[in-house]
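Subject: Structure for your files

Hello,

Please find the structure below. My notes on what turned up in it follow.

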Amino acid sequence: MRQFFTFVRKECYHVLRDRRTLLILFGMPLAQILIFGFALTNEVKNARIVVVDHAKDNASQRIIAQIAASNYFELGEDVMDRDRMEMAFREGTVKLAVVFPANFHNDLVHQNHAQIQVIADASDPNYATTLTNYVSSIIRDYQTELSENAALPYRITPQIRMLYNPQLKGAPNFVPGVMALVLMLVSVMMTAIAIVREKETGTMEVLLVSPFRPVWVILSKAVPYLFLSLINVLSIVLMSVFVLRLPVAGSWLLLFAESTLFIITCLTLGIFISIKTKTQQVAMLVSLMGMMLPTVMFSGFMFPIENMPVPLQVISNIVPAKWFYIIVKSIMIKGMGFAEIWKETLVLCGITLFFFIVSLKSFKIRLE
Amino acid sequence: MTRKDSVIKTEKLTKRFGDFIATDEITFEVLKGEIFGFLGANGAGKTTAMRMLCGLSTPSSGKATVAGFDVYRQTEQIKQHIGYMSQKFSLYEDLTVLENIRFFGGIYGLDNRQLKSKSEELVQRLGLQSETKKLVGELPLGWKQKLAFSVSVLHEPKIVFLDEPTGGVDPVTRRQFWALIYEAASRGITLFVTTHYMDEAEYCDRISIMVDGRIEALGTPQELKIKLNESTMDGVFYQLARGAKRSD
């Protein structure tokens with residue numbers, strides 16, 4: 001055990017001395033959260049929208065004026081017919097359309113209730129949600145203003161239609177995706193490289209000749225990365241809570257327990273790669289091509305798995321990140337407990353066990 | 001010499017990889033405190049033999065004991081009693097001198113008190129007092145090699161295996177390096193050295209020369225020169241290795 005700690009301490013020196021690795025380790029999750037969180041989504045300014053005004057009455061003009069006044073939107077030609085609107089959506093020149101029915105003001109005054117249709121291009125679900133929220137709040141403001149002096153409250157119901165992606169799949173769920181991606185990168189690639197580096201420099205031979213057991217050599221190399229990855233999980237979750245305002249709906253404990261499991265899965269994968277490869281470059285390439293790419297493509301984070309052809313859907317099942325993505329989404333966003341995710345957990349355990357046994361076997365063979 | 005004094009003893013030790021016979025029934029004995037030169041052209045089977053003796057590879061057939069332990073069943077005990085230094089520089093460049101010493105001492109199970117006294121002694125012997133906090137990567141190659149050797153004998157092993165320890169080192173440093181080897185031998189440590197430098201072969205007490213997996217010659221440098229009627233070790237080696245069918 002003493003030897004083990006000596007070894008772990010030495011691994012920590014390696015990690016701490018290597019500025020570039022440190023930068024990747026801690027800079028990457030930060031950068032990814034910020035890029036995915038802000039650069040790619042969220043804050044909306046000057047979104048191009050159009051208005052199809054069939055009513056052209058007092059009330060519709062008031063609302064249009066308020067929309068035009070807001071700096072979230074940039075109002076296109078304000079008179080348009082439906083066909084031209086649909087064209088504009090297809091061409092992608094507008095992101096949102098507000099359609100007032102004929103008799104808008106009439107309905108409002110006589111029935112105290114009117115409808116507005118809000119149509120959004122939901123191919124970018126985050127953007128679409130934000131836009132429709134802004135429009136809805138403008139409409140609500142007008143409704144409150146109108147109701148102030150009235151005996152009966154006026155109700156304006158915005159009917160929201162999300163074009164192209166009605167269920168808003170792949171919405172701000174990018175946090176679980178980033179988590180899977182970062183953990184894959186840190187745990188798989190860094191571990192693989194760290195072990196292969198010892199092979200390259202010749203220190204592995206010295207370690208194997210020492211009485212320190214080979215299995216412990218591998219395990220003690222994995223330990224620092226387990227902790228680093230946990231720190232990464234923590235920083236990603238904290239950022240999503242405090243910077244992106246995406247709270248953790250479920251249990252933090254469960255989230256960290258599942259993350260630990262996934263990290264261990266990744267570490268065994270990293271170890272597996274390190275046993276099969278001889279140089280750092282190869283280890284890196286294999287980790288990138290064999291792990292990162294499938295993670296991005298098959299975890300459901302970037303591309304919905306449901307939309308894939310059946311063979312690809314089948315393949316996606318062997319990608320560990322897919323299961324972790326489902327688990328994290330269930331815990332963080334849907335607030336589910338262990339009862340709902342035990343199957344996914346079991347799959348991850350199975351994958352981990354499989355690679356652990358295979359690694360152990362091939363490690364012994366390599367020694368011969 | 002009596003049997004008691006032999007620290008490595010092999011009998012028809014053989015390693016096969018499929019049809020390929022890497023080491024072919026080698027039989028030799030290395031005595032306590034001896035500097036044993038293990039020579040051979042590239043691909044002659046030196047590394048394979050060495051790996052079997054270090055407990056890294058199981059022999060296909062034959063017998064061997066290292067430090068009194070069997071290479072088939074007692075590899076863990078063997079590892080406890082040997083040191084190893086390879087041709088590739090084998091310390092961590094991104095660790096300081098002291099950290100390297102403490103790490104390698106640590107994995108051989110030295111406790112803190114031993115580590116402290118051993119590392120002080122080692123640093124003193126090498127004259128590295130002012131460099132202990134320096135990263136090993138910043139040291140000149142010669143010093144690194146000397147440090148690597150000293151680290152490999154830190155736990156007072158019975159035998160140290162040196163796999164081409166002076167590759168790429170200048171002649172002056174090689175001299176100093178051999179001074180360290182002699183000193184270790186005087187303390188009763190047995191040294192098992194592979195080398196391609198024939199002047200180094202002359203420094204050894206006894207040498208063996210491997211050709212195509214077999215030991216073709218074994219004895220003191222002087223004996224070999226007389227036996228093969230050559231005036232230099234270069235000549236001895238050339239005469240034996242000329243007939244080799246294998247190379248890298």
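I begin with strand β3(B). I35(B), G37(B) and L39(B) point one way from this strand, while F36(B), F38(B) and G40(B) point the other way, and all are buried. In a regular strand the side chains alternate between the two faces of the sheet. Six of the six residues of β3(B), which covers residues 35-40, are buried, so the strand is largely enclosed by the rest of the structure. Please keep in mind that this is a predicted model.

β3(B) has partners in β8(B) and β9(B). Four bridges join β3(B) to β8(B), and the two run parallel. Within that pairing, F36(B) stands opposite F192(B). Five bridges connect β3(B) with β9(B), residues 206-211, again in parallel. There F36(B) stands opposite R206(B).

Chain B also has an open sheet of four strands, in the order β2-β1-β4-β5, with antiparallel pairing. Which strands stand at its edges? They are β2(B), residues 20-31, and β5(B), residues 69-70; each has a single partner strand, so one side of each is left without a neighbour in the sheet. The link between β4(B), residues 61-66, and β5(B) consists of two bridges, and these strands run antiparallel. V66(B) of chain B faces F69(B) in β5(B), the two standing opposite each other.

V66(B) comes up again as a contact of L53(B). L53(B) lies in helix α1(B), which spans residues 46-53. Is L53(B) buried or exposed? L53(B) has 25 C-beta neighbours inside 10 Å and therefore counts as buried. Leaving aside neighbours within four places in sequence, the contacts of L53(B) are I8(B), A64(B), V66(B) and V71(B).

α4(B), residues 112-126, has 15 residues and reaches 21 Å from its first C-alpha to its last, close to the 21 Å expected at 1.5 Å a residue. Just after α4(B), G127(B) takes a positive phi of about 70°.

Next, the contact between the chains. Chain B gives 22 residues to the contact and chain A gives 20 residues. On the side of chain B that touches chain A, the elements giving two or more residues are α2(B) (75-81), β6(B) (82-85) and α3(B) (97-107). The largest share of that side, four residues, comes from α3(B). By class, the side of chain B that touches chain A has 10 nonpolar, seven polar and five charged residues.

Chain A has 14 helices and five strands. Of its 368 residues, 39% are buried. Among contacts in chain A between residues at least 6 apart in sequence, 79% join residues at least 24 apart. The chain is divided into domain 1 (2-39 + 172-367) and domain 2 (47-163). The centres of domain 1 and domain 2 of chain A, taken over C-alpha atoms, are separated by 46 Å.

Helix α13(A), residues 320-332, has 13 residues and reaches 18 Å from its first C-alpha to its last, close to the 18 Å expected at 1.5 Å a residue. How many of the residues of α13(A) are buried? The count is 12 of the 13, so α13(A) is largely enclosed by the rest of the structure. Among the buried residues are P320(A), K322(A), W323(A), F324(A), Y325(A) and M332(A).

Last, the confidence scores. The model has an ipTM of 0.82 and a pTM of 0.70. The mean pLDDT of chain B is 87, with 97% of its residues reaching 70 or more. Among the elements of chain B, helix α9(B), residues 233-241, has the lowest mean pLDDT (85) and strand β8(B), residues 190-194, the highest (93). Chain A averages a pLDDT of 81, and 89% of its residues score at least 70. Among the elements of chain A, strand β5(A), residues 155-163, has the lowest mean pLDDT (73), and helix α10(A), residues 252-276, the highest (92).

Regards

Methods:
Residues numbered from 1 in each chain as written. Chains lettered and ligands numbered in written order. Predicted model: local features only at pLDDT ≥ 70, side-chain atom pairs only at ≥ 80, totals over all residues. Pairing = 2+ DSSP bridges. Contact = placed C-beta atoms within 7 Å. Nonpolar A, V, L, I, M, F, W, Y, C, P; charged D, E, K, R; others polar. Buried ≥ 20, exposed ≤ 12 C-beta atoms within 10 Å, placed from the backbone. Domains from an automatic or database assignment. Expected span 1.5 Å × (residues − 1). pLDDT = per-residue confidence, 0-100.
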